[in-house]
Amino acid sequence: MLAMRPIDMARDWEMLVSFHRDLFEISFGSTQEFSAERYRSLLADRLARWPEGQRLAIAGDEVAGQVELLMRAYEGRTVGFISVLYLTPPYRGRGLGEELLRYAYHVFLRYGVDECHLHVTERNARALSFYERHGFARIAPPETERGSWRMALCLAASEQ
Ligand SMILES: CC(C)(COP(=O)(O)OP(=O)(O)OC[C@H]1O[C@@H](n2cnc3c(N)ncnc32)[C@H](O)[C@@H]1OP(=O)(O)O)[C@@H](O)C(=O)NCCC(=O)NCCS
């Protein structure tokens with residue numbers, strides 16, 4: 001069972017940057033294009049705009065993962081976008097990703113948004129099958145070799 005707590009950049013930054021580097025490795029097979037500076041400024045901006053969308057997941061007294069949520073325009077409407085869904089290695093493969101998804105659904109619905117989107121790379125087969133198992137459909141294929149599938153789930157039609 002995970003608890004969600006706010007992000008404190010001063011305290012959490014070193015950990016967050018290591019999570020993000022790992023996400024690059026998992027998603028692209030390399031950290032060559034990872035820039036800590038770029039991520040720092042993106043995250044600071046997201047925290048300033050929508051702190052509730054940015055959370056650490058806590059298991060007992062350990063940080064087990066992270067969620068970053070955004071609101072984005074898509075084909076003339078606003079959709080909830082999961083920018084980061086991340087569990088540290090010891091917490092993967094135990095069904096906890098579903099708790100992170102549920103947090104995201106809960107926040108999006110509370111803000112009046114009933115459609116959830118995200119991007120996943122082809123090489124991240126575990127994440128692709130995880131999202132499909134949770135009802136997401138692939139709605140747009142990668143446009144480049146390093147690109148990502150766009151996946152979507154209608155929260156109103158699902159059983160969330
Ligand atoms: C993707 C993720 C959020 C899924 O959450 P989860 O709680 O691990 O999900 P599940 O327990 O349902 O397992 C997901 C899959 O990983 C497999 N798995 C098992 N042990 C694992 C481990 N130690 N590490 C990674 N995956 C593992 C599961 O068997 C399952 O595969 P399947 O769908 O083929 O059955 C989580 O694994 C994660 O944070 N991964 C790393 C970051 C990432 O890829 N995020 C998504 C970016 S778009």
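What percentage of the 160 residues in the protein chain is buried? In this predicted model, buried residues account for 24% of the protein chain. The secondary structure consists of 4 helices and 7 strands. From the N terminus, the elements follow the order β-α-α-β-β-β-α-β-α-β-β. The radius of gyration of the protein chain is 15 Å, close to the 15 Å given by the globule rule for 160 residues, so the chain is as compact as a globular protein of that length. Along the principal axes, the C-alpha atoms fill a box of roughly 40 × 35 × 30 Å.

The strands were examined next. An open sheet is formed by 7 strands, in the order S1-S2-S3-S4-S5-S7-S6. Its pairing is mixed. Strand S1 (3-6) and strand S6 (137-140) stand at the edges. Each has a single partner strand, so one side of each is left without a neighbour in the sheet. From one strand to the next, the twist averages 35°. Strands of a sheet pair through backbone hydrogen bonds, in either the parallel or the antiparallel sense. Both senses occur here, as the following pairs show.

Strand S2 (residues 54-59) pairs with S3 in the antiparallel sense, over 6 bridges. Within this pair, Leu56 has Gln66 in S3 as its bridge partner. S2 and S3 form a hairpin, with 2 residues between the strands. Gly60 lies in the turn and has a positive phi of about 65°.

Strand S3 (residues 62-74) also pairs with S4, again in the antiparallel sense, here over 10 bridges. Glu68 stands opposite Val84 in S4. Tyr74 has Arg77 in S4 as its bridge partner. S3 and S4 likewise form a hairpin, with 2 residues between them. In this turn, Glu75 has a positive phi of about 45°.

S4 and S5 run parallel and are joined by 3 bridges. Phe81 stands opposite His117 in S5. In a regular strand, side chains alternate between the two faces of the sheet. S5 has one covered face and one uncovered face. The covered face carries Cys116, Leu118 and Val120. The uncovered face carries Glu115, His117, His119 and Thr121.

Helix H2 (residues 36-49) has 14 residues, which at 1.5 Å a residue should span 20 Å. Its end C-alpha atoms are 20 Å apart, in agreement with that value. H2 is hardly covered: 1 of its 14 residues is buried. The loop between H2 and S2 contains Pro51. Pro51 counts as exposed because it has 11 C-beta neighbours inside 10 Å, and the cut-off for exposure is 12 or fewer. Pro51 and Leu69 are 18 residues apart along the chain, and their C-alpha atoms are separated by 9.4 Å.

Phe108 is located in helix H3 (residues 97-110). With 23 C-beta neighbours inside 10 Å, Phe108 counts as buried. Asn124 lies in the loop between strand S5 (115-121) and H4. Asn124 has 19 C-beta neighbours inside 10 Å and therefore counts as partly exposed, as burial requires 20 or more. Asn124 and Ile26 are 98 residues apart in sequence, yet 6.4 Å apart in space, C-alpha to C-alpha.

Methods
Residues are numbered from 1 along each chain as its sequence is written. This is a predicted model: local features need pLDDT of at least 70, side-chain atom pairs count only at pLDDT 80 or more; totals for chains, interfaces and linings use all residues. Two strands pair if DSSP finds at least two bridges between them. Axes are lines fitted to C-alpha atoms, for helices over the stretch in contact, and angles run from 0 to 180 degrees between N-to-C directions. The expected span of a helix is 1.5 Å times one less than its number of residues. The radius of gyration is taken over C-alpha atoms; the globule rule is 2.2 Å times the number of residues to the power 0.38.
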